[in-house]
Amino acid sequence: MSTTLDEEYVFGRHQPASHVLIHVSDPHFLAGGESLGGRYDVEANFARTLDAIRRVHPHPAAIVITGDLADLGEPDAYRRLRAAVEPVAAELDTVVIWVAGNHDERPALRAGLLDLAPTEEPVTGVWDPHGLRLIALDTTVPGWHHGDLDRGQLDWLARILEEPAPHGTLLAMHHPPLPSHLPLFDILELQHQDELAAIIRGTDVRGILAGHLHYSAHGMFAGVPVSVSSATCYTMNVALPAPDVNGMDAAQAFQLVHVHPDTITHTVVPVTDAPTGAYFSAAWLERMARLTPQERLEAFSRKPAR
């Protein structure tokens, strides 16, 4: 067996994923490249994230950024974010799915990132990369930080989901339909969750991608897995008792999403410069590929005799 850099080795029961997505959240850009709260260099943190994205996969089906694209909704913040992301998307030959968050302002987002009229219309969309349907919902409420979905958006979603997609559907939204163990986030939770659950239950929705929490989290909603990507700007130090949790400039991460016919995996990718070992490599994989399955077990699975 031989392979190229664009191919994947198959040593287990699953074939390579049909689709690989990059899930990023909460950049919180500011006009003029200002630091967030005077302490978080969000552009530098995001640049390190983009470098990691370049390394982790040569051609993802999409880069999904689940909201709080800008911190104050400033037009220049969206211009700066677009200038950072679009060259990377072009290099990886992929699309960018922009999702609105509670810190965003719909008019400036629509004009600055989507080249649309600067209105208060929800920022929604549907993409279909090779049979996997991606739907962006807008859970923002103009003038507020909590989340909601109005009847018009729910009816729109229901109409789309009437027809299944070949590889199923993923929803992308900012406010996750999950409880948080941090009470502050439950104040700002997504409202009308029962109405959303009634629409997606029993459809081809296979997963929900969300942000908002600034820490990675996973759960179930209406029988559908929900995966929350941590923030790129700053994260919440959840290694503290819930009442004491606050932001920290560490542990930034994004997620690598692998879509298989029978499952979807979400790998938390830390953005770090930590020293890394050199035992496993392309050359090591090539050696394993030349062996039979039983020989691979003998070479790598069997423990040394005691």
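This is a predicted model: local features need pLDDT of at least 70, side-chain atom pairs count only at pLDDT 80 or more; totals for chains, interfaces and linings use all residues.
Student: Hi! Let's start with β1. Which residues does it span, and is it mostly covered or open?

Tutor: Strand β1 covers residues 19-24, and it is mostly covered, with 6 of its 6 residues buried.

Student: Which side chains point which way from it?

Tutor: His19, Leu21 and His23 point one way, while Val20, Ile22 and Val24 point the other way. Residues of both sets are buried. In general, side chains in a regular strand alternate between the two faces of the sheet.

Student: Nice. What is the sense of the pairing between β1 and β12, and how many bridges are there?

Tutor: Those two run antiparallel, joined by 5 bridges, and β12 is made of residues 253-259. As one example, Ile22 has Leu256 of β12 as its bridge partner.

Student: And how does β1 pair with β2?

Tutor: In the parallel sense, over 4 bridges, with β2 at residues 62-66. There, Val24 stands opposite Ile65.

Student: Which helix goes with β1 and β2 in a β-α-β unit?

Tutor: Helix α1, residues 42-56, and the unit they make is right-handed.

Student: Changing topic: where does Leu184 sit?

Tutor: Leu184 is in helix α5, which spans residues 183-187.

Student: Last one: how far apart are Leu184 and Phe11?

Tutor: They are 173 residues apart in sequence, and their C-alpha atoms are 45 Å apart in space.

Key. Residues are numbered from 1 along each chain as its sequence is written. Side-chain values use heavy atoms; hydrogens and water are left out. Buried means under 20% relative accessible area, exposed over 50%, partly exposed in between (1.4 Å probe, protein chains only). Two strands pair if DSSP finds at least two bridges between them. A crossover is right-handed if, with the strands pointing away from the viewer, the path from the first strand over the helix to the second runs clockwise.
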